[in-house]
Amino acid sequence: MASTHSHPGERAAQDPIRLLAIRDTPLTVDEVFRAVGDDAAGGTALFVGTVRNHDGGADVDTLGYSSHPTAEAELRRVAEKVVAEYPVRALAAVHRVGDLAVGDLAVVVAVSCPHRGEAFEACRKLIDTLKHEVPIWKHQKFSDGTEEWVGV
């Protein structure tokens, strides 16, 4: 879908991947949003994934995320795929690992492109591909005492 544009501002930035991380510390929307700032971007799309209080009809008390040692390399591979497919000016993705509580930020991704439609599509592709291909697993603990691993 990446198109050829004649204006330099519509061509991909030299290094559009500005921030990629898997962290055990709290995430912030501001950090990710700042990372994708670009004067040539007319659209920025941002997605924030939070820990919700239920899943599959059961009440979630807590959950933990863990990742494979290759997760950051896989995250980079996913980001590079998105940059190759869309006219991305800037891209950022950060995922949390460790124990999280309801309401905590689990993942924040953002993409800036010359136009809003491209930004929406690229951001959707980034989060969807990250969730399917990056080896990060969720361990949910429910209020009824049961547990579930997701993504394993």
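User: Which strand does Ala21 lie in?

Analyst: Ala21 is part of strand β1. Keep in mind that this is a predicted model.

User: Is Ala21 buried or exposed there?

Analyst: Buried, because its relative accessibility is 9% and the cut-off for buried is under 20%.

User: What does Ala21 touch?

Analyst: Leaving out residues up to four places away in sequence, Ala21 touches Glu72, Leu75, Ala93, Val94 and His95.

User: OK, back to β1. Which strand is it joined to by bridges?

Analyst: β1 is joined to β5, residues 90-96, by 6 bridges, and the two strands run parallel. Within this pair, Arg23 stands opposite Arg96 of β5.

User: What is the order of the strands in the sheet?

Analyst: The order is β1-β5-β7-β2 in an open sheet of 4 strands, and the pairing is mixed. β1 (17-23) and β2 (43-50) are the edge strands, each pairing on one side only. On average, neighbouring strands are turned by 5° against each other, with direction ignored.

User: Which helices pack on the sheet?

Analyst: Helix α2, residues 71-85, packs on it and touches β1 and β5. The direction of α2 makes about 150° with that of β1. Helix α3, residues 116-133, also packs on the sheet, touching β2, β5 and β7 (105-113). For α3 the angle is about 145°, taken against the direction of β7.

User: How many residues does α3 have, and how many Å does it reach?

Analyst: α3 has 18 residues and reaches 25 Å from its first C-alpha to its last. That is close to the 26 Å expected at 1.5 Å a residue.

User: Which residues of α3 are buried?

Analyst: Glu118, Ala119, Ala122, Cys123, Leu126, Ile127, Thr129 and Leu130. The cover over the buried residues of α3 includes β2, α2, β5 and β7.

User: Changing topic: what volume does the largest pocket have?

Analyst: About 410 Å³.

User: How many residues line it, and which lie nearest its centre?

Analyst: The lining of the largest pocket has 25 residues, and Arg52, Tyr65, His95, Lys131 and Lys138 lie nearest the centre.

How values were computed
Residues are numbered from 1 along each chain as its sequence is written. This is a predicted model: local features need pLDDT of at least 70, side-chain atom pairs count only at pLDDT 80 or more; totals for chains, interfaces and linings use all residues. Side-chain values use heavy atoms; hydrogens and water are left out. Two strands pair if DSSP finds at least two bridges between them. Axes are lines fitted to C-alpha atoms, for helices over the stretch in contact, and angles run from 0 to 180 degrees between N-to-C directions. Contact means heavy atoms within 4.5 Å. The expected span of a helix is 1.5 Å times one less than its number of residues. Buried means under 20% relative accessible area, exposed over 50%, partly exposed in between (1.4 Å probe, protein chains only). On a 1 Å grid over the protein atoms alone, a cavity is a set of points where a 1.4 Å probe fits but cannot get out, and a pocket is an open set with protein on both sides within 12 Å along at least five of seven lines; lining residues have an atom within 4 Å of a point. Grid points are joined across faces, edges and corners, and a volume is the space filled by probe spheres set on the points.
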